[in-house]
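Reader: Let's go through this one together. Can you start me off with the terms, then take my questions as they come?

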Amino acid sequence: MRNFISYEKSLEILNNIVLNRQSTQKLFITNAIGRVIAKDIITDHNSPEYPTSAMDGYAIKYADIKNSSIEIIDKNPAGSVVEKEVIIGTCIKTFTGSLMPKGSDTLIPIENVQVINNQIKIIKEVPFGFAVREIGENYKNNEVLIKKGTIVGFAEIGVLASLNISQIEVIINPTVAIASTGSEVLDLGETQTNASQIRSSNHLTLEALFKSNGATTLQMGIVKDDIDSITNLLETALQKADIVVTTGGVSVGDYDFVQDVIKDKLKAEVLFHGVTVKPGMHILAALKDGKIIIALPGFAYSSTVCAILFVLPLIYKFRNANESLPIVKAKINQDFPRKMDKTIFTACNVVYKDAQYLINFDGKREGTSAILTNMLESPALLIQKDDSNDLKAGDLVDILLLNHLK
């Protein structure tokens, strides 16, 4: 008799796995988009290094702010260093990005003055230091600007470029091998020869999910329900991947051979086989030579939900990134009883309105764990823990935002 464990216990077990891989590589910064920075990025200078103009205007001494006539003694284009110094009664025309001339402390915008011959008259005053970027305004020397574990995006690229950093060290993404099992399963393009055959979407759905969440994927395709084929699949995948994910073959049927191969042929260390969740209670997790095997149920909705719940956190763990599943509070629009003593994940619709998330079940189909279409449009998963109470309309509930997964 198999012992089923709670969802919380299963996550604890997976989180306690000690990974034997944390290698890094150097990439040109724009090739590192979506990757995880392996080391803190620390500045080696101030930015700006000198007081700099933030606008087009005239650099003055603030003591001249009420002076009716100030002489223009030079121009100061960006990229040049003007030699003349601003003294009382003089100014230098200065442009955005230019160094503030010596002696100046305030910039009067062009639109705040009248130019008469070679002099300006201030028609609208500004406060002391106006439009002057002080030393270190952007960042200061020896500052941790980007922390390790940060996922590289457009802002990080811009900051790295401003630091004159062309290459950065990033964590190598985990490789996840994916396969669907089942003699009744057809791949894309295969012709149906009898009514019992079904079209597989699992292996492609999971490939897309894992790729978009930071994994390198190894597509193993569809494998027939026989022990030799499944053994060859798993042995090959374990040589090439950090995580091996299969769908199908983990329940209690006569042809559910995946569990038999993992336990008997591979002699893998089974971490758990059976979790009190719906969907996906027959999920199996195992270790073999430091590699992780996650065997998911075969139904499309069930395998996808379980991949989100169990595999994505492993990918995040390998990447050592500041990532987690996007679980938030939402208000439910109807009574929703707890139907069983399990942690239940139910597809729902979510909208963000008046500064809160709202969920409903309009158009969601009820039935088996095969209904993948319930994840279309604006989906979320309502989470009901195994010890939760019946939900009432208006209650605040936990949901997992599916469209916030990458």
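Author: Accessibility first: buried means under 20% relative accessible area, exposed over 50%, and partly exposed in between (1.4 Å probe, protein chains only). This is a predicted model: local features need pLDDT of at least 70, side-chain atom pairs count only at pLDDT 80 or more, and totals for chains, interfaces and linings use all residues. Residues are numbered from 1 along each chain as its sequence is written, and side-chain values use heavy atoms, with hydrogens and water left out.

Reader: Phe128, buried or exposed?

Author: Phe128 is exposed, at 56% relative accessibility.

Reader: How many aromatic pairs are there?

Author: The count is 6 aromatic pairs. Rings of Phe, Tyr and Trp (its six-membered ring) pair if their centres lie within 6.5 Å; planes under 30 degrees apart are stacked, over 60 edge-to-face, the rest tilted.

Reader: Where do Tyr62 and Phe128 lie?

Author: In loops. Tyr62 is between strand E4 (57–60) and strand E5 (70–76), and Phe128 between strand E9 (119–122) and strand E10 (132–133), so the pair ties together parts 66 residues apart in sequence. Strands (E, at least two residues) and helices (H or I, at least four) are DSSP runs, numbered from the N terminus. Tyr62 is partly exposed, at 29%.

Reader: Which residues do ring pairs link into a cluster?

Author: Tyr7, Phe272, Phe310 and Phe345.

Reader: Switching to charges. How many salt bridges?

Author: There are 8 salt bridges. The rule asks for a side-chain nitrogen of Lys or Arg within 4 Å of a carboxyl oxygen of Asp or Glu. Glu169 and Lys39 make one, at 3.3 Å from N to O. Glu169 sits in strand E12 (residues 167–171) and Lys39 in the loop between strand E1 (24–28) and strand E2 (41–42), so this pair ties together parts 130 residues apart in sequence.

Reader: And Glu169, how accessible?

Author: Glu169 is partly exposed, at 23%.

Reader: What about Glu323 and Arg319?

Author: They form a salt bridge, with the closest N and O atoms 3.1 Å apart. Glu323 is buried at 13% relative accessible area. Arg319 is also buried, at 1%.

Reader: Which parts does the Lys329 and Asp398 pair link?

Author: Their side chains meet in a salt bridge at 3.0 Å, N to O. Lys329 is in strand E22 (residues 327–332) and Asp398 in strand E26 (residues 396–401), distant parts of the chain, 69 residues apart. Asp398 is partly exposed, at 23%.

Reader: Now H4. What does it span?

Author: Helix H4 (residues 227–240) has 14 residues and reaches 20 Å from its first C-alpha to its last, close to the 20 Å expected. The expected span is 1.5 Å times one less than the number of residues.

Reader: Which H4 residues are buried?

Author: Ile230, Thr231, Leu233, Leu234, Ala237 and Leu238. Down the axis of H4 they fall within an arc of 160°, so they line one face of the helix. That arc is taken from the directions from the helix axis to the C-beta atoms.

Reader: What do they pack against?

Author: With contact meaning heavy atoms within 4.5 Å, the partners include strand E13 (175–181), E16 and helix H5 (257–265).

Reader: And the face turned away?

Author: That face carries the exposed residues Asp228, Gln239 and Lys240.
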